[in-house]
Amino acid sequence: MIPAENEVARALATPSDIPVRVALRSAVILAIFTAISTLLLAVSHTLTRPVMEASLRAKRMRAIEEILPHGIYDNDLVSDVLRLDADPSSALNVPSVFYRGRRNGAPAVLVVETSARGGYGGPIGLLIGIRADGTLLGVRVTEHRETPGLGDYIDPKKDKNRKNPWIAQFGGLSFGARPESEWKVRKDGGSFDFIAGATVSPRAIVRAVRDTLKFVAERHETLYGVPEKDPVTALSHSSQGDTP
Amino acid sequence: MITRAELREIFANGIWKQNSSLAQTLGLCPLLAVTTTLVNGAMLSLATLLVTALSGFSVSCLRKFIPHEIRMPIFIMIAATLVTIVDQCMASWLSEIHNVLGIFIPLIITNCIVFARIEAFAAKNGPIQSFFDGISMGIGMLWTLVVLGGLRELLGSGTLFSGVESIIPSLSGLRVFGDDYPGAIFFVLPPGAFILLAFMIAAKNALSSRRSDVSVHPVESAARQAMDTSR
């Protein structure tokens with residue numbers, strides 16, 4: 001259907017030529033459409049949010065179980081949470097979430113949900129499992145936008161080396177196990193392997209794992225001890241005493 | 001409601017004559033970004049198919065209430081609302097598939113083909129015709145992206161169907177060239193996609209011109225056709 005000539009003229013007209021009546025009618029119709037869209041989105045959001053949150057929680061739990069040995073903790077880990085904002089004065093300068101696993105009430109394991117800055121396609125989401133004695137249980141990439149087929153070997157599902165994926169070299173390490181200067185990829189003079197041609201992604205992850213381990217080693221007691229109530233302020237108060 | 005001839009015409013247009021990627025060359029940005037593997041290409045196309053079909057249907061139903069001069073903001077709002085609702089529903093009830101498709105769904109709204117079909121077809125045709133037009137455009141995109149994604153995956157990484165296990169857990173990807181294939185990064189990166197797409201367009205043009213033996217340049221005639229319908 002070809003629009004009528006007067007319609008074309010109206011569309012081409014400068015704003016001052018459009019009668020107020022027509023402009024008002026358009027405005028009202030646009031407002032009605034906006035209201036209906038908003039209503040639809042509000043309804044769908046309300047209906048889907050609880051289901052979505054439950055499935056996100058289950059997904060996170062599955063990722064955590066992948067790096068933690070069975071039975072290492074006996075509390076409800078995903079509810080024992082500590083959230084930290086980015087803090088330029090500490091080793092860990094990205095917003096992070098700490099899940100605190102305890103066994104018979106004693107600290108057993110920390111799972112840190114954090115991110116590595118400086119990935120090729122933006123920040124890389126990481127899940128890092130650390131035993132109470134400071135040794136690494138494992139690292140998993142939860143979210144990344146590295147180049148497919150090139151930098152995405154950081155995700156063990158995409159790594160061509162199935163038996164011994166790149167990310168597995170972190171298992172069993174601790175911050176004290178290697179001098180701080182060696183926490184780099186080999187190309188930068190450190191002791192971590194990487195795949196030639198894709199250095200950016202592993203470099204970002206090695207740095208993030210180092211920073212997280214350092215942060216945890218520095219304030220180990222504080223991280224387990226802070227009650228859940230208002231954890232962020234509690235930690236910043238108590239950490240003031242630790243770092244003069 | 002809809003005649004068989006109409007249906008045939010709609011599907012011939014969407015799948016071959018006015019194929020969104022090969023004839024109208026619309027939506028190239030998501031196409032280049034996503035077709036690194038066959039499965040990714042297929043998934044983005046299926047999600048787009050859903051949105052083109054639903055948005056075509058709803059715009060066509062509402063077309064009598066949409067004034068000509070403010071049709072664009074309203075079309076955008078309808079399409080964006082649909083994309084968001086589809087995204088939320090998938091995140092809730094199809095969370096496994098959403099994990100795979102999650103990044104592609106917001107990309108759909110950046111695909112010009114959605115607006116091109118609303119403007120060129122749904123605003124002027126009935127709801128059922130518009131619904132099938134959306135489906136046929138989606139199928140056209142699906143086969144193109146499957147071929148392009150398959151070629152890039154095969155040449156770039158030596159695999160096929162990798163990532164299929166996240167959709168159907170009992171299946172797994174194929175290593176066509178064995179574990180020793182060194183890979184060709186060129187085909188994984190966007191320039192490789194551009195060049196392969198150019199070969200596909202050339203092949204389509206060669207086939208169409210042989211079939212109909214028209215003297216007009218196929219791309220030009222397709223472009224003219226697209227412009228005629230959108231006028």
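## Contact range and make-up of chain B

In this predicted model, 76% of the contacts in chain B between residues at least 6 apart in sequence join residues that are at least 24 apart. Chain B has 231 residues, of which buried residues make up 42%.

The secondary structure of chain B amounts to eleven helices and two strands.

## Helix α3 of chain B

Helix α3 of chain B covers residues 38–62, which gives it 25 residues, and the span from its first C-alpha to its last is 36 Å, close to the 36 Å expected at 1.5 Å a residue. Of the 25 residues of α3(B), 20 are buried, and the helix is therefore largely enclosed by the rest of the structure.

## Packing of α3 against α4 in chain B

Two packed helices are described by the angle between their axes and by the distance between those axes. For α3(B) and α4(B), the angle is about 135 degrees and the axes lie 10 Å apart. Angles over 145 degrees count as roughly antiparallel and those from 65 to 115 as roughly perpendicular, and α3(B) and α4(B) are therefore oblique to each other. The crossing in which α3(B) passes α4(B) is right-handed.

On the α3(B) side, the contact is made by B:L50, B:V51, B:L54, B:S55, B:S58 and B:V59, while α4(B) contributes B:F75, B:I78, B:A79, B:L82, B:V83 and B:V86. By class, the residues of this contact divide into ten nonpolar and two polar, with no charged residue among them. An α-helix has 3.6 residues a turn, so residues three or four places apart point the same way.

## The side of chain B that touches chain A

Between the chains, 23 residues of chain B are in contact with 25 residues of chain A. The elements of chain B that give two or more residues to this side are α4 (71–93), α8 (127–157) and α9 (185–188). Among these contributions, the largest share, eleven residues, comes from α4(B), the helix that also packs with α3(B). The residues on the side of chain B that touches chain A divide into eleven nonpolar, ten polar and two charged.

## Residues with positive phi

A:N104 has a phi near 50 degrees, a positive value in a residue other than glycine, and A:N104 is located in the loop between β2 (96–103) and β3 (106–116) of chain A. With 8 other C-beta atoms within 10 Å, A:N104 is exposed.

In chain B, B:T25 likewise is not a glycine and has a positive phi, of about 40 degrees. The loop that holds B:T25 lies between α1 (4–17) and α2 (28–34) of chain B, and B:T25 counts as partly exposed because it has 16 C-beta neighbours inside 10 Å.

## Surroundings of B:T159

B:T159 belongs to strand β1 of chain B, which spans residues 159–160. Since 20 C-beta neighbours lie inside 10 Å of B:T159, this residue counts as buried, the cut-off for a buried residue being 20 or more.

Leaving aside residues up to four places away in sequence, B:T159 touches B:E153, B:G173, B:L174, B:R175 and B:V176. The C-alpha atom of B:T159 is separated by 8.4 Å from that of B:G178, a residue 19 places away along the chain.

Key
Residues numbered from 1 in each chain as written. Chains lettered and ligands numbered in written order. Predicted model: local features only at pLDDT ≥ 70, side-chain atom pairs only at ≥ 80, totals over all residues. Helix = DSSP H or I, 4+ residues; strand = E, 2+ residues; numbered from the N terminus. Expected span 1.5 Å × (residues − 1). Buried ≥ 20, exposed ≤ 12 C-beta atoms within 10 Å, placed from the backbone. Contact = placed C-beta atoms within 7 Å. Nonpolar A, V, L, I, M, F, W, Y, C, P; charged D, E, K, R; others polar. Axes fitted to C-alpha atoms, helices over the stretch in contact; angles between N-to-C directions. Parallel < 35°, antiparallel > 145°, perpendicular 65-115°, else oblique. Left-handed = near helix turned anticlockwise from the far one by under 90°.
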